Structure formats: structure tokens, C-alpha cells
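Student: I am new to this structure and would be grateful for a close look at a single part of it. Could you please take me through the aromatic rings and their surroundings?

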Amino acid sequence: MKELLSEYPIIPVVVIEQIEDAVPLAKSLVAGGLSVIEVTLRTPAAIAGIEDIIENVPGAVVGSGTVCSESQLQMSIELGCKFAVSPGATDSLLKKARDSGFNYLPGVSSASEVMRGLEYGYDTFKFFPAEAVGGTTLLKSLHGPFGDVKFCATGGIGLDNVMSYLSLANVLSVGGSWITPSKLIKEKRWSEIERLASQASSLTQ
Ligand code: 3PG
């Protein structure tokens with residue numbers, strides 16, 4: 001997971017409501033320079049959307065998000081996702097993902113949660129919900145006791161604060177929905193999403 005996050009410092013977190021939106025949405029992101037996509041398993045269209053993107057958008061690196069159960073993790077593996085992300089973590093998910101060897105990013109928002117993940121062998125986590133739990137201040141504080149731990153920060157991140165996260169020593173990447181606002185998806189404004197993706201990707205070049 002560490003290598004993947006280092007390679008892709010900005011990860012669009014997408015919610016697919018209509019299956020037919022999946023491919024044009026992913027194509028806009030890839031065209032804008034963001035080839036990694038986290039498709040949240042929050043909607044009935046998510047699974048078919050993931051399949052469509054994997055099949056039809058060469059160059060897209062697709063992962064699943066909002067993975068809250070072992071069965072969703074298993075499904076992500078079977079669908080051909082390159083990684084899976086959870087907002088938090090459970091013992092069963094930490095164990096299953098570790099035993100399967102799949103790229104898995106468990107969520108944490110406290111020192112105790114980092115310690116539990118470390119016990120299972122993880123050293124890279126989603127830090128969620130970033131802004132709500134203390135943002136960059138909390139991340140800086142976690143860097144002291146957990147010097148080797150790295151994070152992908154998500155939750156409340158946008159253009160205005162993204163660089164304050166990416167400049168931290170323990171942050172490899174950030175994720176967020178600001179690149180794919182639901183209104184733009186609903187109105188199928190793909191060129192505007194491509195523009196938001198270009199704007200985001202240019203920050204890290
Ligand atoms: C999520 O899983 O919802 C992501 O962290 C996105 O958060 P955001 O919508 O605040 O960017």
C-alpha cells in the first residue's frame with residue numbers, strides 16, 4: 001500500500017449513483033492526470049461501476065472504498081480491484097486482508113487505533129475523518145510516537161488545505177471527493193471534472 005500511495009498522492013474518492021456514469025467519470029479523471037480511483041461501496045451501482053471501469057478504462061487503477069465487512073473485501077479482490085480502503089477497521093478485516101496479502105488501507109483516527117493496526121502488521125493507514133478529528137495537528141502529534149507510520153488523509157480535504165497535508169512527513173497521499181462533486185456527476189459535466197482533476201494533479205508535479 002505504501003508504494004501505491006507514494007505513486008498516487010491524490011486519490012479521488014467517488015460515489016457512483018448511476019452505472020452509466022462510471023466510465024465517463026473515470027475517463028475524465030485519467031485524462032486530468034489522476035489515474036487512481038477509489039470507488040466507494042455505498043451505492044447499489046458501485047460494483048457494476050467498478051467492473052465497467054476496469055474493463056473499459058485502460059490506465060485506471062481502481063480500488064474499493066467504504067469497505068466495512070469481510071464480504072466486501074472479498075468482493076473487491078474478486079472484482080479485480082488493486083486495493084481496498086476502510087473508514088475504520090475491525091479485527092476480522094485486519095486479519096483477513098493481512099492473510100490474503102491484498103493491498104488494504106485500514107482507517108484510523110487515534111493512537112490506539114494505530115497501535116491495534118501495528119499489532120496486525122500494518123504501517124500505513126487511512127486517517128479519517130481528517131479535518132473532524134484534528135487534521136494536520138493530530139497527524140503531527142502522531143508522528144512522534146509512530147515515526148515509521150504513514151497515512152493517507154481523507155475527510156474534509158479540498159484545494160484550500162490539501163498541500164498542508166501533503167507537506168507532512170507522515171502523509172503519503174490524500175483522498176477526497178472535492179474532485180468529483182456529486183452535482184457535477186449528476187449533471188454529467190465530465191469536462192469540468194477533468195479540469196478539477198488537472199488542477200489537483202498539477203499540485204503534485
Ligand atoms: C470518504 O470516505 O468519504 C472520504 O474520506 C471522502 O471524504 P470527503 O467527502 O470529505 O472528501
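Tutor: Let us begin with phenylalanine 151, whose relative accessibility is 0%, so this residue counts as buried, the cut-off being under 20%. Please bear in mind that the model is predicted. Phenylalanine 127 likewise counts as buried, because its relative accessibility is 0%. The rings of phenylalanine 127 and phenylalanine 151 have centres 5.9 Å apart and planes at 70 degrees, and the pair is therefore edge-to-face, since an angle over 60 degrees places a pair in that class.

A search of the whole structure finds 3 aromatic pairs. One of them joins phenylalanine 125 and phenylalanine 151, with 6.4 Å from centre to centre and 35 degrees between the planes; this pair is tilted. Phenylalanine 125 lies in strand S7, which covers residues 124–127, while phenylalanine 151 lies in strand S8, residues 150–154; the pair therefore ties together parts that are 26 residues apart in sequence. Phenylalanine 125 is buried, as is phenylalanine 151. Taken together, Phe125, Phe127 and Phe151 form one aromatic cluster.

One further ring deserves attention. Lysine 126 lies over the face of phenylalanine 128, 4.8 Å from the ring centre.

Terms used:
Residues are numbered from 1 along each chain as its sequence is written. This is a predicted model: local features need pLDDT of at least 70, side-chain atom pairs count only at pLDDT 80 or more; totals for chains, interfaces and linings use all residues. Side-chain values use heavy atoms; hydrogens and water are left out. Rings of Phe, Tyr and Trp (its six-membered ring) pair if their centres lie within 6.5 Å; planes under 30 degrees apart count as stacked, over 60 as edge-to-face and the rest as tilted. Helices (H or I, at least four residues) and strands (E, at least two) are DSSP runs, numbered from the N terminus. Buried means under 20% relative accessible area, exposed over 50%, partly exposed in between (1.4 Å probe, protein chains only). A charge sits over a ring if NZ of Lys or CZ of Arg is within 6 Å of the ring centre and within 35 degrees of the ring normal.
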